[in-house]
Amino acid sequence: MTFETWISEPVNWAFSAIALAVLFSGLRVVTAKNVVHAALYLVATLAGTAGLFLILSAEFVAWVLVLVYIGAVIVLFLFGIMITRAPTGLDEGLDVEKKLWPALLSVAVFVAMAWASVNAFGTQEILDTGNPTSTEILGEALLGRFVIPFEIVGFILLAALVGGITVARKDLTPAEEEEEAAV
Amino acid sequence: MVVSQFLVLAAALFAMGVYGLLIRRNIVLILLSVELMLNAVNINLVAFESMIVTTEALGQVFAIFVITVAAAEVGVGLAIVLMIFRNRQSANVDELDLMRY
């Protein structure tokens, strides 16, 4: 398959546009000098990923990504950022000084993974485009064949959130507790 | 559309996550890089799912599990970050050297 035939499909134009946006904002997530900007660029990356899921006809997962990640996880991140540092301007010392070896390592990771995927799958076509997976199918899979993993994941979420509250709450010293009781 | 285009994009996102994980000093930014890597995995799962058409949408089910576990991870991770910040007034990983030999 040549590049001309690939680019002649309209869906690949959409893919290219979204992919460029995702790559740019992903790069900004790891290079931004402002912590809040990094979190907001992650929003752009996730929105682009949701667009890719729509192209791949995975509607439910795309909207779950928007709701759970952009809606909840990013808000948690922004809370974490706001709490752990007061000024929201530029700040120094977000990165380590020596960046050469990490850059080389990540390029090596990319080359290895991209080479392996292209080598293994080549020009294999995607089959069911334009025919969205209905939520019914997904719901039957989640509550049928995957009901035990589904319950386990729900339990993990509950345990993690209870654990998070337990870790993050401020324990009072005995003196403070007496003060509380007196009031 | 071929499968490889999604896989190469996911590989690029994963590599960016690895880079961010290695160069960042701030714990919150390290967690952001981990999210980037998990996101790359989700793209791979959904792309594979649309390549092998199954009746149960297996790849999407796994992507939903990954999203849920990632949400749990962020909850616990940020609670720990909060606790560390409260005790040490810093969110930089290289200053947390209490257990370093």
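**Note on the two-chain model**

1. The contact between the chains takes 84 residues from chain A and 69 residues from chain B, contact meaning heavy atoms within 4.5 Å. This is a predicted model, in which local features need pLDDT of at least 70 and side-chain atom pairs count only at pLDDT 80 or more, while totals for chains, interfaces and linings use all residues. Residues are numbered from 1 along each chain as its sequence is written, chains are lettered from A and ligands numbered from 1 in the order in which they are written, and side-chain values use heavy atoms, with hydrogens and water left out.

2. The size of an interface is often given as the accessible area lost when the parts come together. Between chain A and chain B about 7,000 Å² is buried, and carbon and sulfur atoms give 78% of that area (accessible area, 1.4 Å probe, that two parts lose on being put together, summed over both). On the chain A side, A:Val30, A:Phe77 and A:Thr84 lose the most area to chain B, together 9% of what that side buries.

3. B:Asn42 belongs to helix H2 (residues 27-51) of chain B (helices are DSSP runs of H or I, at least four residues, numbered from the N terminus). With 0% relative accessibility, B:Asn42 counts as buried (under 20% relative accessible area, 1.4 Å probe, protein chains only). Not counting residues up to four places away in sequence, B:Asn42 touches A:Phe53 and A:Leu65 as well as B:Ala63, B:Val66 and B:Ile67.

4. Chain A is divided into domain 1 (1-89 + 122-132) and domain 2 (134-183), with bounds from an automatic or database domain assignment. Their C-alpha centres lie 27 Å apart.

5. The largest pocket holds about 240 Å³ of space (on a 1 Å grid over the protein atoms alone, a pocket is an open set of points where a 1.4 Å probe fits, with protein on both sides within 12 Å along at least five of seven lines; lining residues have an atom within 4 Å of a point). Of its 13 lining residues, A:Leu76, B:Gly75, B:Leu78, B:Ala79 and B:Leu82 are the closest to the centre. The lining divides into 10 nonpolar, 3 polar and no charged residues. H3(B) gives the largest share, 5 residues. At least three lining residues come from each of domain 1 and domain 2 of chain A.

6. Most residues other than glycine have a negative phi. A:Ser57 is not a glycine, yet has a positive phi of about 60°. A:Ser57 sits in the loop between helix H3 (35-55) and H4 of chain A, and counts as buried at 5% relative accessibility.

Note on methods: Grid points are joined across faces, edges and corners, and a volume is the space filled by probe spheres set on the points. Helices (H or I, at least four residues) and strands (E, at least two) are DSSP runs, numbered from the N terminus. Ala, Val, Leu, Ile, Met, Phe, Trp, Tyr, Cys and Pro count as nonpolar, Asp, Glu, Lys and Arg as charged, and the others, Gly among them, as polar. Buried means under 20% relative accessible area, exposed over 50%, partly exposed in between (1.4 Å probe, protein chains only).
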